Amino acid sequence: MKTEGQSTAKALQQAWQTGLLDRTNDTAALFVDWDVLDHRLNFLREEWPQLEHAVAIKSQPHAGVLRYLVQQGFGLEAASLEEVKRGLEAGCAPHKIVFDSPVKTREELNWLQQNTPGLLVNANALEELPRHPQKPNYRLGLRINPEVHTGSPALFHVSSNASKFGISLTQRAQILDALRTYPISGLHLHSGSQITDLPAQIKAIRLVLELAQEANAERQQLGLALLDWIDIGGGLPASPWDGMRRYADEFFQNTTPVERAQFAWHTEFGQWVHAHAGWTVSRLEYVLPRTDAASVAYLHVGADLFLRDAYTAPRPFPLVPLNADGTPNANTQLQPYDIAGPLCFAGDYVARKAQLPELHEGDWLVLLETGANAYGLWSRHCSRTIPAVLGHRPSTGEVQKLSDRTDVNF
Ligand SMILES: Cc1ncc(COP(=O)(O)O)c(C=O)c1O
């Protein structure tokens, strides 16, 4: 299920008519598509029965979205103590929050000890373990790096032997020793984002599972409590949307019911949940012709919202041109446009040579599939205001404001 271009036009016009957006001052706005989000959440529930899903906060940290996820029964994955607190504020019970950070301070761990009984905390390094209390009120996990390349692009690949995340599986003896010494109850892996090699990911999961089984065989003899949870992280790309079905099928085919029953299983998906469930709209402030090259259309969002895209490689966001009155631009004669952002540096482009109908100053451009790793990466460069965020449910036509346009707070 995807957001239809037609429905974005309706939502924008409705937001103007009802005063949720000011046509002059709201030069850009972000929308959450609740129908698409529901579709993704239902898919997770159905394809991964009995697993606990903690959706990665970093991929879409808006308070309104976090509250919605919690109301739907989902947990949250936090990459910082600040995100843990955002999760709690959204109403998430501590036992449904997973805390992963490579730089946990002693003060943060003290705070967790006092305030969040039952929370899952994944230690990132053997060196982190002595910082944890001997009797944690939270559940302590250990992040393992199985050193299996699951096809993530270099920027998101965290499973090489040079990774800053987790303890390499090649340190098996030290890991088993740490499991005997510290109050660890679970194991964690997260291979990277944009995983393309599912069999490799399954291999990584099996390596961690077999490590847990080996540790448990020993723990049983020693009379120690068994490891009882495994957190397989996130990392699936948003497209193709049913890649999640193949991942779940592979997981269930390559683990036995007995193995699955030995542990509580957790996931931490981010962009697969959110990417297609959000879209952005901006007014075209200028459309400038260029000789012998694509014309340039200037948006009110660019590298400030699509930070990774501007500084690495832009994601191919589908573009929907709207007329100045918010109706779809139905012109079928296309020409190339470079889509520029508003920041004062040369690299601020969202797309190059996009084929679009003739555009004019005052038209609007919708960028679909911008629900993940955009709002949460907002950059202060050039101090521009953060656009208003709205929710839209195309199936009922409902549109509501989730947050106002806000100044950045230096
Ligand atoms: C530990 C951890 N879990 C989950 C995620 C979410 O990954 P994705 O958005 O690719 O599903 C990330 C992303 O950086 C991560 O670092």
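A residue is termed buried if 20 or more other C-beta atoms lie within 10 Å of its own, exposed if 12 or fewer do, and partly exposed in between, with C-beta atoms placed from the backbone. The model is predicted: local features need pLDDT of at least 70, side-chain atom pairs count only at pLDDT 80 or more, and totals for chains, interfaces and linings use all residues. Residues are numbered from 1 along each chain as its sequence is written.

View 1. E147 has phi near 55 degrees, a positive value in a residue other than glycine, and belongs to the loop between β6 and β7 (167–168). Helices (H or I, at least four residues) and strands (E, at least two) are DSSP runs, numbered from the N terminus. E147 is partly exposed because 16 C-beta neighbours lie inside 10 Å. C382, also not a glycine, has a positive phi near 80 degrees and is placed in the loop between β17 and β18. C382 is partly exposed, since 15 other C-beta atoms lie within 10 Å.

View 2. R143 is part of strand β6 (residues 139–145). R143 counts as buried because 22 other C-beta atoms lie within 10 Å. Two residues are in contact if their C-beta atoms, placed from the backbone, lie within 7 Å. Not counting residues up to four places away in sequence, R143 touches N122, A123, N124, F165, G166, I167, H188 and L189. Its C-alpha atom is separated by 6.3 Å from that of I167, 24 residues apart along the chain.

**View 3. The ligand shell and G234.** The ligand is surrounded by 15 residues, of which A56, S193, G234, E268 and G270 are the closest; a residue is near the molecule if its C-beta atom, placed from the backbone, lies within 6 Å of it. The shell comprises 4 nonpolar, 8 polar and 3 charged residues, where Ala, Val, Leu, Ile, Met, Phe, Trp, Tyr, Cys and Pro count as nonpolar, Asp, Glu, Lys and Arg as charged, and the others, Gly among them, as polar. G234 sits in the loop between β9 (229–231) and α8 (243–253). G234 is buried because 24 C-beta neighbours lie inside 10 Å. Leaving aside neighbours within four places in sequence, the contacts of G234 are A56, H190, T267, E268, F269 and G270. P240 lies in the loop between β9 and α8, and the peptide bond from S239 to P240 is cis, with omega near -10 degrees.

**View 4. The sheet of 6 strands.** An open sheet of mixed pairing has the order β14-β17-β11-β1-β18-β19; two strands pair if DSSP finds at least two bridges between them. At its edges, β14 (319–322) and β19 (398–403) each pair on one side only. β14 runs antiparallel to β17 (residues 364–367), to which 4 bridges join it, and L322 stands opposite W364 in β17. Helix α2 (residues 34–47) packs on the sheet, touching β1 (28–33) and β18 (388–393), and its direction makes about 40 degrees with that of β1. Axes are lines fitted to C-alpha atoms, for helices over the stretch in contact, and angles run from 0 to 180 degrees between N-to-C directions.

View 5. Strand β15 (residues 334–340) and β16 run antiparallel, joined by 6 bridges, and Q335 has L356 in β16 as its bridge partner.
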